[in-house]
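Here is a short report on one structure. Please keep the sequence and the model in view while reading.

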Amino acid sequence: MTARSALITGITGQDGSYLAKFLLDKGYEVHGLRRRVSQPHIERLASYGLRDEGASGGIVLHYGDMTDSSSINRIISEVRPHEIYNLAAQSHVRVSFDTAEYTNNVNATGTMRILDALRNARVVDKTRFYQASSSEMFGNAGRIPQDEQTPFEPQSPYAVSKLNAHWSTVNFRNGYGLHASCGILFNHESARRSPTFVTRKITRAVARYQADRGQTLKLGNLEARRDWGHAPEYVEVMWTILQQEIPDDYVIGTGETQSVRTFTELAFEAVGRQIEWTGAGVDEQGVDASSGELLVAIDPYYFRPTEVNYLQANPAKAERKLQWKASTKIGELVRIMVAADIADLDATNVDES
Ligand code: NAP
Ligand code: F7E
């Protein structure tokens, strides 16, 4: 029997790398779209084996870009995959305020390029499509927790672009019968999370303190609350979503929420340090309760023009229909990430802004 094939956009990212491994283990022929960069960065995939087209085993990487229809058309026509996981995105919310047009081009128009390519290659009947939608689309929805019926109130260019891609996917499902589904995923983190997201920024800072190379950790809004889960569990549900007979959209999260402040406290507690908070607003500081050492300060650079204050998933539909439930709780997630960063202390001097 011929292996099922999958094309992953965003394969070099956190989720793409976990998903590639998950699909390889299931016997899939895995293809990935990667963009050209001056410094090759496929570390997250290196251990899985890369191969040339035509050879067996490993992953086939194709050069392309979400901003380039011709490469997307070419790759889809050549690979004609059974499944497409569209994970590529300019995924940083704060950066999207500085690069709004580009973010929209990659995330929204990029998704439309893939959907149109599926029509043009006449594989709408053959290919199933997964769209990486985001809890950011809920924005400040005013309803807690958020489920599939919660109205969207996006608060950033990133969230607006993801909402565009989300509705385009639903439209192609309704209009052309494409087996297209959206996973509305809440924040999911791991040792592979880019260091510019707050969780990894914090766990890396804790690891540096542990090695006596600590520098004051500069953060923005400590009060924002997120529903943080563990990324490897979240890529499994992407696959489960595409195995359903009827395409649909699902909210995926743990159902629990914590503030950035609490995540910071838990991360320092993982190495035996208690934070004592003093001051208020931009003058607030977190100091080591025993030594008085300054651990955390506020830097307004990390504030966003519009912030999402409170995200908490209601994943009841996924639990009921997909039999999926997040198992890693926040305490364990923090311990996994801190331990990985302590084991990998080379990674200093990375730009975390
Ligand atoms: P990530 O680590 O930032 O990875 C993003 C991927 O997209 C990378 O492979 C990146 O390539 C690629 N990419 C960016 N711009 C591209 C372009 N112009 N052309 C081709 N590829 C491009 O993101 P992630 O955390 O794995 O998230 C995966 C997807 O889920 C994203 O769409 C994200 O928006 C969405 N999402 C994430 C979360 C979360 O908490 N992680 C929650 C909800 C939704 P490079 O490696 O070359 O940069
Ligand atoms: O921010 C606050 C910040 O950048 C979380 C992406 O994967 O999840 C992610 O988006 C919160 C925000 O992730 C810093 O203001 C405080 O309230 O880690 P983040 P995000 O914006 O939630 C969603 C679901 C996605 O779809 C996105 O692709 O933390 N915060 N201080 C900070 N954030 C950062 N980055 N850096 C700080 O210093």
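α6 passes α10 in a right-handed crossing. This is a predicted model. The axes of α6 and α10 come within 8 Å. They cross at roughly 50°. An angle between 35 and 65 degrees is neither roughly parallel nor roughly perpendicular, so α6 and α10 are oblique to each other.

Helix α10, residues 330-343, also packs with helix α8, residues 260-269. Here the axes lie 9 Å apart, and the angle is about 55°. That angle makes α8 oblique to α10. The crossing of α8 and α10 is right-handed.

## The site of ligand 1

Which residues come nearest to ligand 1? They are Thr12, Arg35, His41, Ser91 and Tyr158, out of 26 residues around the ligand. By class, the shell around ligand 1 holds 11 nonpolar, 10 polar and 5 charged residues.

A backbone N or O atom of Asp15 lies 2.8 Å from an oxygen atom of ligand 1. For Leu87, a polar backbone atom is 2.9 Å from an oxygen atom of ligand 1. For Gly10, the distance from a polar backbone atom to a ligand 1 oxygen is 3.3 Å. Ligand 1 exposes 890 Å² when taken alone, and the protein buries 91% of that. The largest share comes from β5, with 3 residues.

## The site of ligand 2

Ligand 2 has 23 residues around it. Ser91, Ser134, Tyr158, Arg304 and Glu307 come nearest. Ser91 and Tyr158 are also among the residues that come nearest to ligand 1. The shell around ligand 2 divides into 8 nonpolar, 8 polar and 7 charged residues.

Side chains supply the polar atoms listed for this ligand. How far is a polar side-chain atom of Ser134 from an oxygen atom of ligand 2? The distance is 2.6 Å. A polar side-chain atom of Asn187 lies 2.9 Å from an oxygen atom of ligand 2. Arg193 likewise places a polar side-chain atom 2.9 Å from an oxygen atom of ligand 2. On its own, ligand 2 has 700 Å² of accessible area, and the protein covers 96% of it. The elements that give two or more residues to this shell are α6 (198-210) and β8 (217-219). α6 is also the helix that crosses α10 at roughly 50°.

## Backbone details in two loops

Is the peptide bond from Ile144 to Pro145 cis or trans? This bond is cis, with omega near -5°. Pro145 sits in the loop between β5 and α5.

Arg122 has a phi near 55°. That is a positive value in a residue other than glycine. Arg122 belongs to the loop between α4 and β5.

Note on methods:
Residues numbered from 1 in each chain as written. Chains lettered and ligands numbered in written order. Predicted model: local features only at pLDDT ≥ 70, side-chain atom pairs only at ≥ 80, totals over all residues. Heavy atoms only, no water. Near = heavy atom within 4 Å. Polar contact = N/O pair within 3.5 Å; in protein donor to acceptor, adjacent residues only side chain to side chain. Areas by Shrake-Rupley, 256 points an atom, 1.4 Å probe, with all protein chains shown as cover. Helix = DSSP H or I, 4+ residues; strand = E, 2+ residues; numbered from the N terminus. Nonpolar A, V, L, I, M, F, W, Y, C, P; charged D, E, K, R; others polar. Axes fitted to C-alpha atoms, helices over the stretch in contact; angles between N-to-C directions. Parallel < 35°, antiparallel > 145°, perpendicular 65-115°, else oblique. Left-handed = near helix turned anticlockwise from the far one by under 90°.
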